[in-house]
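Open the structure in your viewer and keep the sequence panel beside it. The tour moves from one selection to the next and says what is found at each stop.

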Amino acid sequence: PAKNEPFPKLASTAIAAAAALGFTAGGYVAQAFVATVRIAGVSLGRVQSTDDDFASATVIPVIIPGEEDVFEATVSGTATQGNVGKQYDLTRTAGGTAQAVDLAGTTNKVVTVVGFISSSKVLVKFNSNYVFANKAN
């Protein structure tokens, strides 16, 4: 099962609940960019500009995905059973808005779709934590 660990967040940066997080060059967590292939984890909390500690590098709880952990994700585009087994990028978002799986993006291949739920939701594994991910697909 996934572990929950505290990580210091990048100060003055909004983070959505359930957003994929990456590490900054300074070692803080912030929302992952489209090109982020090393995912730190998934945010368990939200960071907003109205928070008392917004301008501080305080810690936030992060789920660290393991190779067996599966996450439900919203998609950009229309999901079908045919997406299962394929790898995709995350969408580009503003800080404070959680990313979606970009069904048109296959440059960075951050996630592998492992299950179909509906036209707007799929089950994914993060490739950086997934032993069987094959970036050639």
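**First stop: Asp89**

Select Asp89: with a relative accessibility of 4%, this residue counts as buried (buried means under 20% relative accessible area, exposed over 50%, partly exposed in between, with a 1.4 Å probe and protein chains only). Asp89 is part of strand β7, residues 87-90 (strands are DSSP runs of E with at least two residues, helices are runs of H or I with at least four, and both are numbered from the N terminus). Now show what surrounds Asp89. Leaving out residues up to four places away in sequence, Asp89 touches Ala100, Val101, Asp102, Gly105, Thr106, Thr107, Asn108, Lys109 and Val110 (a contact means heavy atoms within 4.5 Å).

Before going on, note what is on screen. This is a predicted model, in which local features need pLDDT of at least 70 and side-chain atom pairs count only at pLDDT 80 or more, while totals for chains, interfaces and linings use all residues. Residues are numbered from 1 along each chain as its sequence is written, and side-chain values use heavy atoms, with hydrogens and water left out.

From the contacts of Asp89, pick Lys109. Lys109 sits in the loop between β8 (101-102) and β9 (111-118), and its relative accessibility of 13% makes it buried. Check its backbone: phi is positive, about 50 degrees, although Lys109 is not a glycine. Most residues other than glycine have a negative phi.

Which backbone oxygen does the side chain of Asn127 reach? The backbone oxygen belongs to Lys109, and the distance is 2.6 Å (a polar contact is a pair of N or O atoms within 3.5 Å; within protein, one must be able to donate a hydrogen and the other to accept it, and residues adjacent in sequence count only if both atoms are side-chain atoms). Asn127 lies in the segment that follows β10 (121-126). It is buried, at 6% relative accessibility.

Go to the loop between β3 (29-31) and β4 (39-43), where Val34 is found. Val34 is buried, with a relative accessible area of 16%. Apart from neighbours within four places in sequence, its contacts are Leu90, Thr91, Arg92, Asn108 and Val110. Then draw a distance from Val34 to Ile117: C-alpha to C-alpha, the two are 23 Å apart in space, and 83 residues separate them in sequence.

Ser12 belongs to the loop between β1 (3-8) and β2 (20-23). Is Ser12 buried or partly exposed? Its relative accessible area is 45%, so Ser12 is partly exposed. Ser12 is not a glycine, yet its phi is positive, at about 60 degrees.

**Last stop: the whole protein**

Zoom out and colour by secondary structure. The protein has 10 strands and 0 helices. The C-alpha trace spans about 45 × 25 × 25 Å along its principal axes. Of the 137 residues, 40% count as buried. Among contacts between residues at least 6 apart in sequence, 58% join residues at least 24 apart.

Finally, colour by charge. There are 10 positive and 10 negative side chains, and the centres of the two sets lie 7 Å apart (Lys and Arg count as positive, Asp and Glu as negative, and His and the chain ends are not counted; each charge is placed at NZ of Lys, CZ of Arg, CG of Asp or CD of Glu).
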